[in-house]
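Hi,

Here is the structure I promised to pass on. Have a look at it first, and then read on for what turned up in it.

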Amino acid sequence: MFDMSRAEFGDGFVFGVATASFQIEGGQTDGRGSSIWDTFSATPGNVKGGDTGLIACDHYHRWPEDLDLIRDGGFDAYRFSLAWPRLIPEGTGAINQAGVDFYDRLIDGMLERGLKPFATLYHWDLPSPLQDRGGWTNKDIAKWFTDYAVLVQQRFGDRLASIATINEPWCVSFLSHILGIHAPGLRDLRAGARSMHNVLYAHGAATEAMRAEGGSEIGIVFNYNHAVPASESEQDKQAAHLWDGVFNRWFLGGVLTGAYPEDLVAILAPYMPEDYQADMKLVGTPIDWLGINYYSRNIMAYDPGRPVFPVKPLDGPLDKTEMGWEIFPEGLEKLLLRITNDYPKVPLYVTENGMAEIEGLDDKRRVKYYNDHLQALLRAKRQGADMRGYFAWSLMDNFEWAEGYTKRFGLVHVDYKTQKRTPKASYRAFQGMLHNTR
Ligand code: FCB
């Protein structure tokens, strides 16, 4: 059980669960096109155990049962993502009617159950034909993405409570184009710098276009990492500051102030699109809310062996999740306050928070993890952070990207052989707090 009551979060505070299309849907039939995660996961060595998203949680067919679970847990909202290649198989051009019908059913299913649909347009399943044209390294993606966003706004917008353009631009760009860990698996500075800009430029262009179509409640979701210097040395402090820049300040600065931080520009300018300054107004287009995904902190040390970003993460001393991520709830409080105090004010949601754990159905450590992070959120709220909602990652165990099915983040256990869903103690803990309050 949690040690707080729902009332402490205030009237109108939204509780939800989050998922993403590629991680749960499967159902790669009915005209859905290929995505970069299909081919990345089909390539040996990229995903643990050779796991793929072919079937995943079979949510494409089992969505009614999954929505029932969300309703029965007492949640108000469901944060889900739409698969671009399911709606527009080639990325641009012809629309797949079966895909439109699927999201029609899903969204109507939420409304029938009294759940608010919080949609994410891009949670990483880029149509493969667009990757063939350079994907996020090609500035034309702003146009491709905008056309897709407008389609979503026109077909579904009247039934959506909120739209996020992009989930975690750091992962879309840095993790996928410089570190090579996620699709498309590039390890290239120029590709990285271009994608770090183009992803925010596309966000701004799509936001304006959706607004012109009557869209409202449009935001973006960042992932944050609380960077701590490994020692008191000047070099380690600078390393932590640099990592904070790559992870947090670049995206916050771009979207909330229309400018990238100077220290990062000094490093990345040679690799950026030539005319990027001209795009900054659009990058900084006002948003209605900001989403924050928070999981952990990083201890950062200076590493002269890495010339461009001379910084490396060290193993920290705190308790860790199955991902090897340190459990540090105070980091959430600090980040929420920092965003509140250092940037122009904007309504905030925690759009993801949770932990991987393999301990069966009685997931006590996860219950404590959620409890302690919810307390951190409440502390930030009491100190002035404009908190509007909280989404647990994730509704159910699912395809954890490069980790495949080895990591389980769900409030609900999934038996991948039978697709049976079984609520864990963490689901019951939310249910206990939220029950009968909707
Ligand atoms: C976030 C992703 C989400 C999930 C969690 C564990 O970075 O947005 O899809 O994989 O991490």
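Let's start with a helix pair: helix 13 (residues 329-342) and helix 14 (residues 364-382) pack with their axes 8 Å apart, at an angle of about 25°. Angles under 35 degrees count as roughly parallel, so helix 13 is roughly parallel to helix 14. The crossing of these two helices is right-handed. From helix 13, the contact uses Pro329, Glu330, Leu332, Glu333, Leu336 and Leu337, and from helix 14 it uses Asp372, His373, Ala376, Leu377, Arg379 and Ala380. Sorted by class, that contact has seven nonpolar, one polar and four charged residues. Bear in mind that this is a predicted model.

The other pair to look at is helix 9 (residues 189-212) with helix 10 (residues 234-257), whose axes come within 11 Å and cross at roughly 35°. Helix 9 and helix 10 also make a right-handed crossing. On the helix 9 side you'll find Met196, Leu200 and His203, which meet Val246, Trp250, Phe251, Gly254 and Val255 of helix 10. Here the contact has six nonpolar and two polar residues, and no charged ones.

How many cavities of 30 Å³ or more does a search of the whole structure find? There are two.

The largest cavity holds about 60 Å³ of space. Its lining is made up of Ile36, Trp37, Tyr122, Trp124, Trp136, Cys171, Val172, Ser176, His177, His182, Ala183 and Pro184. Helix 2 (36-42) and helix 8 (169-177) each supply at least two of the lining residues, and helix 8 has the largest share, with four.

Around it sit Thr19, Ala20, Ser21, Ile24, Glu25, His59, Tyr78, Phe80, Ser81, Tyr103 and Leu106. Three elements each give at least two residues to this lining: helix 1 (21-24), strand 2 (77-81) and helix 5 (97-112). Which of them gives the most? That is strand 2, with three residues. The class count for the second largest cavity is six nonpolar, four polar and one charged.

Cheers

Key. Residues are numbered from 1 along each chain as its sequence is written. This is a predicted model: local features need pLDDT of at least 70, side-chain atom pairs count only at pLDDT 80 or more; totals for chains, interfaces and linings use all residues. Side-chain values use heavy atoms; hydrogens and water are left out. On a 1 Å grid over the protein atoms alone, a cavity is a set of points where a 1.4 Å probe fits but cannot get out, and a pocket is an open set with protein on both sides within 12 Å along at least five of seven lines; lining residues have an atom within 4 Å of a point. Grid points are joined across faces, edges and corners, and a volume is the space filled by probe spheres set on the points. Ala, Val, Leu, Ile, Met, Phe, Trp, Tyr, Cys and Pro count as nonpolar, Asp, Glu, Lys and Arg as charged, and the others, Gly among them, as polar. Axes are lines fitted to C-alpha atoms, for helices over the stretch in contact, and angles run from 0 to 180 degrees between N-to-C directions. A crossing is left-handed if the near helix is turned anticlockwise from the far one by less than a right angle, and right-handed if clockwise. Contact means heavy atoms within 4.5 Å. Angles under 35 degrees count as roughly parallel, over 145 as roughly antiparallel, 65 to 115 as roughly perpendicular and the rest as oblique.
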